[in-house]
Amino acid sequence: MRTSLVGGLGLLALEGCGNVCGDDGLVWNQADNPACQQVTASEGDTDATTETTTVDPTDTAPTTTMDTPTSTMGMGEMWCKDADGDGFGDPTMCQPDMFPGSVPNADDCADDNADAFPGSAEAESMTACMEDADGDGWGDSNPPEGVEPGTDCADDNANAFPGAAEAESMTACMEDADEDGWGDDMPPEGVEPGTDCNDDNSTIFPGAAKDLPADQCTQDSDGDGSGDSMPDDPNVPPGNDCADDDPATFPGAAPNDSPEACMTDADGDDWGDDMPSVPQAVPGTDCADDNPNAFPGSAENDSESACMEDEDGDGWGDDMPPEGVMPGTDCDDADAATGPGVAENEVDPNVCQTDADGDGWGDPDPDDDGAVPGTDCDDNDPFTFPGAAPNDDPTACMTDADEDDWGDMMPEPGVTPGTDCTDRDPAVHENCARCNPNEVKCVDKDLHTCNESGTAEDVQTCDHGCDDDGLKCWDPLSVEAGDSVCVDLNMPAQLNAVAMGGDGNYAYNWTPADTLSDGMIANPTATPVGPTTYTIDVSDGEGNMASDSVTVYLKNQTLQLDPDICETYDFPDEADAATNWVWNDNTKTLCQTINGKSAALFCGWDLDNATITGSFQVTDDANDDDWIGFMWGLQDTDHYYLFSWKRATQDFANCGGNLPAGMQVKVVDVADPMNAPQSCADRLQPADTANSKLLVPVGEFTTMGWTEATEYTFELTHKANGEMTIIVRLKANNNVVAMKTFMDTTYPNGKFGMYTKSQINACFSNFVASCVP
């Protein structure tokens, strides 16, 4: 047993006592407890801690302290009793060891009050120890002794707090029971009155009806701005809304019929329903109040007053409208290019035809069966129609793009040819060539090559721009950042970007630039403090862009796998507990301490034509037998390679069924994360899936499972050509457990990280990276 002399009291935790045996005269009195016997220090003992009979170290209890612990004492330094269960400890009842009902802080100002703790009134302070009995986020203005006062004037009323009635005041402590933003005009004692004459009805408040005085307490149930003519509260003055339960019915709803009458306009076309469902509503003249395209005068070309439907907005009424709507003469009311008279140049301009190109001539093959065919041989070209080239033929359907009255001699199929040898130049129509024979030139970004006779040009689209001097298309812009670089700590690394293609006017931008001599040149020097992947972005004068990256490693430097620096990710498709990554900087060890879902930890540099080595183990399996592994080539959490090692064969239905013990490698490549997201089976099923491919099955690697508290070394070499080698050894004797070389070019490089699935106490230590020779 250990006797704790905290604050000089010498209070003792004895076996069978279940509590502190020392009597401080204030809290715990153990004088009558037969299990508590005074133990004194032996003669000559002067230390603050005296060794006596040994008992179970877990049989400890809180020790009363003279000096009140503070909230800054830190996790694990002191455990305090949490009597009210609010997560905050009593500063007067603390000890160094955890005990049932304790918490690792001493921050509670009232441990007999579960409503009082630091941050209880989060609207006022996230740290002050206030009381919030009604849970409205504001602290009681008159709390018990020892609790910091807040500004809540009624802490037994969740509807009353500062700013509750934000429409009246953002600071006054009012009551707003109906949450309409206005304060009760007759609140409980101690609460500031507002101007809401009915705080039980959210549709009644000052200014609710916009057609009544703004300071008058009125009712507008449907929110249309007009006051209820028969309000629920007899003390509320009536408005003139004949149907306050219908936002489409109010005075002036249909201004085209009447600016004052209480009408219904359900379709928002400003015309009143001619047969309103509200008995009090005045009928209007809208024959279809569920159709905003149907109202009096909608088809002004047919009638300025008749109630017709004009869906396409061409001014002509639908010839087959819904019931109750007057028919018009538009044979296709869904197409504004189809209607009576649109092809005014045809023989009968009043028939319903289609003129898609707006040249006044009707389509000879209209889409609508009700449209009369016209004589336009190309209704998609406004320069093609009968009589377009009167100098060639005043009636033939030709093309005259340059409008010189001569028809194109090489028109589109179905169009009569004319005699204009260059229909792009109105000054020339005969004895012309389309281009200079054998001429090559850049036109904008395209390359034009004329044939030997000058009658036609071949046009090549230059995706990356056209070279005016070399008369060719520019090659695609690309850039090479080179292979990975390994340097000693504090030594510079020379970077060198080689750009190719494009127009040659290169601009460089390296990132991150803070450890570079100059991020805007092709060959800066780098002095990183840890492994760093540098990305080079190159642009040219044509606006083309290209990128590449290179990683600089520091020789023999242990990699920092600190979760505060690296990125952690829990795969969301699993319902297990969230993981917990813990980094020990002294031992350079990373541990995942939770038996949780599939998870990864990876840092912000790429494994790029390099080797990475380190050790790993499950320190204490706690009767668990699941996965530990590694990820690399990681582009994002849907695209990566995965090495996984299972201790024992097990049936995981949600991961693809019976999953074997041993090592395997998969490549995960999710094509459509939104509609076909990644699953546990993609990661771990020993077969190809919709989002993954099995690269190395357990039968080609090893079927042996890992062993608890056995340290292994992991070595991975990932070359730029897609060759990968994995070697797993026993660290104790360097014997090879498994080794495999395989090829895959899906991801030439990418981030490296650690992986666990449902495995507690998986640890990774002392990883270093080096360049491939």
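1. A salt bridge is counted where a side-chain nitrogen of Lys or Arg lies within 4 Å of a carboxyl oxygen of Asp or Glu. By that rule the structure holds twelve salt bridges, and one of them joins the side chains of Lys 646 and Asp 625, with 3.8 Å from N to O.

2. Please keep in mind that this is a predicted model, in which local features need pLDDT of at least 70 and side-chain atom pairs count only at pLDDT 80 or more, while totals for chains, interfaces and linings use all residues. Residues are numbered from 1 along each chain as its sequence is written, and side-chain values use heavy atoms, with hydrogens and water left out.

3. Where do the two partners of the Lys 646 and Asp 625 pair lie? Lys 646 belongs to strand β40 (residues 639-646), whereas Asp 625 sits in the loop between β38 (610-618) and β39 (627-636), so the pair ties together parts that are 21 residues apart in sequence. Strands here are DSSP runs of E with at least two residues, and they are numbered from the N terminus.

4. For accessibility, buried means under 20% relative accessible area, exposed means over 50%, and partly exposed covers what is in between, using a 1.4 Å probe and protein chains only. Lys 646 is buried at a relative accessible area of 0%, while Asp 625 is partly exposed at 23%.

5. A further salt bridge is formed by the side chains of Glu 711 and Lys 731, at 3.4 Å from N to O. This pair links distant parts of the chain, with Glu 711 in the loop between β44 (692-696) and β45 (712-718) and Lys 731 in the loop between β46 (723-730) and β47 (736-743), 20 residues apart. Glu 711 is partly exposed, with a relative accessible area of 27%, and Lys 731 is partly exposed as well, with 40%.

6. Glu 723 and Lys 719 also form a salt bridge, their closest N and O atoms being 3.4 Å apart. Glu 723 is partly exposed at 25%, and Lys 719 is partly exposed at 26%. Elsewhere, salt bridges that share partners join Asp 573, Glu 574, Asp 576, Arg 683 and Lys 757 into one network.

7. If contact is taken as heavy atoms within 4.5 Å, and residues up to four places away in sequence are not counted, Ile 726 touches several residues, including Trp 632, Phe 643, Val 665 and Phe 701. Phe 643 is 83 residues from Ile 726 along the chain, yet their C-alpha atoms are separated by 9.1 Å.

Terms used: Helices (H or I, at least four residues) and strands (E, at least two) are DSSP runs, numbered from the N terminus.
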